[in-house]
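User: Could you take me on a close look at a single part of this model? I would like one connected account of it and its surroundings.
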Amino acid sequence: MLLSENLCDINKRIVNSPSIVKVEIPLPDEEIRTMFCNYLYNQNLFTLAFGVDCKKMGSLSSGLNLWHLHQIITESYTMGQTITLDYLRDKKREILENEGAGLIEFIETDYNLDLVSGHEFVKNRFKNAARAIKHNQLDVLPMGYLISGPIGTGKSFLVSAFAGEIGIPMVIIRNIHGQQNGFTESNLEKVLSILKAISPVAVMIDEADAMLGSREDKSTNSESSRIFAQIANFMGNTEYRGKIIWFLITSRPDLIPIDLKRQGRAEEHLALFYPETVEEKVNLFETMKQKLHIKVEDFNVSTIFKSINFDISGADIEAILVRAKMNAAMDNRIKVTQEDLKQTIKDFIPPVYPYEIELQNLVAILECTSKEMIPKRYQNMERAKLASEIRELKQLLNIK
């Protein structure tokens with residue numbers, strides 16, 4: 001009998017042998033975890049805060065094994081710490097992040113979708129999904145989302161805000177790729193095991209086009225193509241619908257293989273774009289001011305944005321606000337004045353890569369599944385013309 005946490009840690013000739021039987025021993029379920037907590041509680045090994053019982057401990061400790069629970073309880077006993085819900089959540093996050101060896105990170109957010117400016121169509125979709133999750137209607141949820149749009153539109157921020165809305169944990173998958181052969185497969189197996197154990201969970205993969213690879217990747221020992229196949233199969237497993245929700249975030253959705261974008265995987269395609277109207281820019285300004293906790297004197301902000309003659313992103317507005325705050329601080333002032341903003345905008349040079357931004361706009365539009373998301377200046381553009389312009393931009397930039 002060979003015991004291992006991951007099959008990838010064992011020689012493939014042994015694993016693939018027809019005479020070898022593979023048996024997966026799952027992590028303890030809620031009933032077993034509750035029984036274990038009851039057993040230790042009856043031995044007076046820990047105390048529970050008001051409103052917390054062993055059943056709640058068993059429910060909230062998904063993803064942990066019995067040794068982990070014993071470790072949390074022993075530590076609380078040693079430190080004289082009453083086990084509260086917050087204490088249990090913090091310890092669980094700490095243990096799972098250590099178990100993941102830096103491969104996953106839990107998202108902690110103090111805000112929800114109310115702090116997101118604009119993108120009303122996308123926000124409504126997410127609010128409907130949040131409502132379905134809270135009412136346990138998991139079968140109506142998509143398996144995953146593809147979130148695209150040019151840089152600086154707040155894609156990661158929007159998904160993080162959704163994490164504050166849904167009431168289930170959200171994790172980011174970090175770089176699972178390793179230099180040694182077989183290392184990446186072992187990392188991926190560990191991550192997928194954790195995701196299964198802590199479900200329901202939302203999973204964010206930022207820069208998904210670079211992270212996930214493709215089936216056609218023919219690198220050493222075809223490891224990348226095997227990794228891709230493993231991820232695609234896991235994402236398409238309908239057993240996890242509503243339990244593991246994927247968010248693939250990218251500025252280049254055209255580089256993500258169709259296998260991952262089709263129905264049954266990242267089936268809901270949503271796109272974010274730069275604000276078009278002065279009103280949208282002002283609303284974004286107010287949201288950024290609230291997010292950054294920057295105090296600004298009362299004046300008509302719209303007059304400033306009317307004078308801006310270039311496309312401006314949320315990231316640009318954030319940078320302008322931070323610079324204006326610096327100017328105020330250097331003058332020993334707490335509040336940003338109208339003159340601070342005017343001077344900052346006058347000095348501000350937007351990023352000089354218009355072709356890249358236009359390409360990111362067009363490939364995001366091509367992925368949109370609803371016309372309402374598309375900026376007005378692109379809504380009547382024929383898809384054939386859209387595809388033609390994308391090809392021309394790629395040739396101009398000498399990229400795929």
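Let's start with His 269: which residue has a side chain joined to that of His 269 by a polar contact, and at what distance?

Analyst: Happy to! The partner is Glu 367, whose side chain makes a polar contact of 3.1 Å with the side chain of His 269 (N or O atoms within 3.5 Å, one able to donate a hydrogen and the other to accept it; residues adjacent in sequence count only through side-chain atoms). This is a predicted model, in which local features need pLDDT of at least 70 and side-chain atom pairs pLDDT 80 or more, while totals for chains, interfaces and linings use all residues. Residues are numbered from 1 along each chain as its sequence is written, and side-chain values use heavy atoms, with hydrogens and water left out.

A polar atom of the His 269 side chain also lies 3.0 Å from the backbone oxygen of Ala 266. With a relative accessibility of 9%, His 269 counts as buried (under 20%, with exposed over 50% and partly exposed in between; 1.4 Å probe, protein chains only). Setting aside neighbours within four places in sequence, its contacts are Leu 146, Lys 261, Glu 367, Thr 369 and Met 373 (heavy atoms within 4.5 Å).

His 269 belongs to strand β6, residues 268-271 (a DSSP run of E, at least two residues; helices are H or I, at least four; both are numbered from the N terminus). That strand is part of an open sheet of 6 strands with mixed pairing, ordered β1-β3-β4-β5-β2-β6. β6 and β1 (104-106) are the edge strands, each with a single partner, so one side of each has no neighbour in the sheet. From one strand to the next, the twist averages 25°.

The neighbour of β6 is β2 (residues 144-148), and these two strands pair in the parallel sense over 4 bridges (strands pair if DSSP finds at least two bridges between them). One of the bridges links Tyr 145 with Glu 268 in β6. β2 also pairs with β5, again in the parallel sense, over 5 bridges, and here Gly 144 stands opposite Trp 246.

Across β2, β3 (170-173), β4 (201-205) and β5 (244-250) lies helix α7 (residues 155-166), which runs at about 160° to β5 (axes fitted to C-alpha atoms, for helices over the stretch in contact; N-to-C angles from 0 to 180 degrees).

Trp 246 leads on to the packing. Beyond four places in sequence, the contacts of Trp 246 include Met 143, Gly 144, Tyr 145, Leu 195, Val 203, Ile 205 and Phe 234. Trp 246 is also among the residues with the most contacts inside the largest nonpolar core, which has 50 residues; Met 57, Leu 195, Val 203, Ile 205 and Leu 248 are the others (buried Ala, Val, Leu, Ile, Met, Phe, Trp, Tyr and Cys joined through side-chain atoms within 4.5 Å). Apart from that core lies another, of 47 residues, with Ala 129, Ala 130, Ile 147 and Ala 271 among them.
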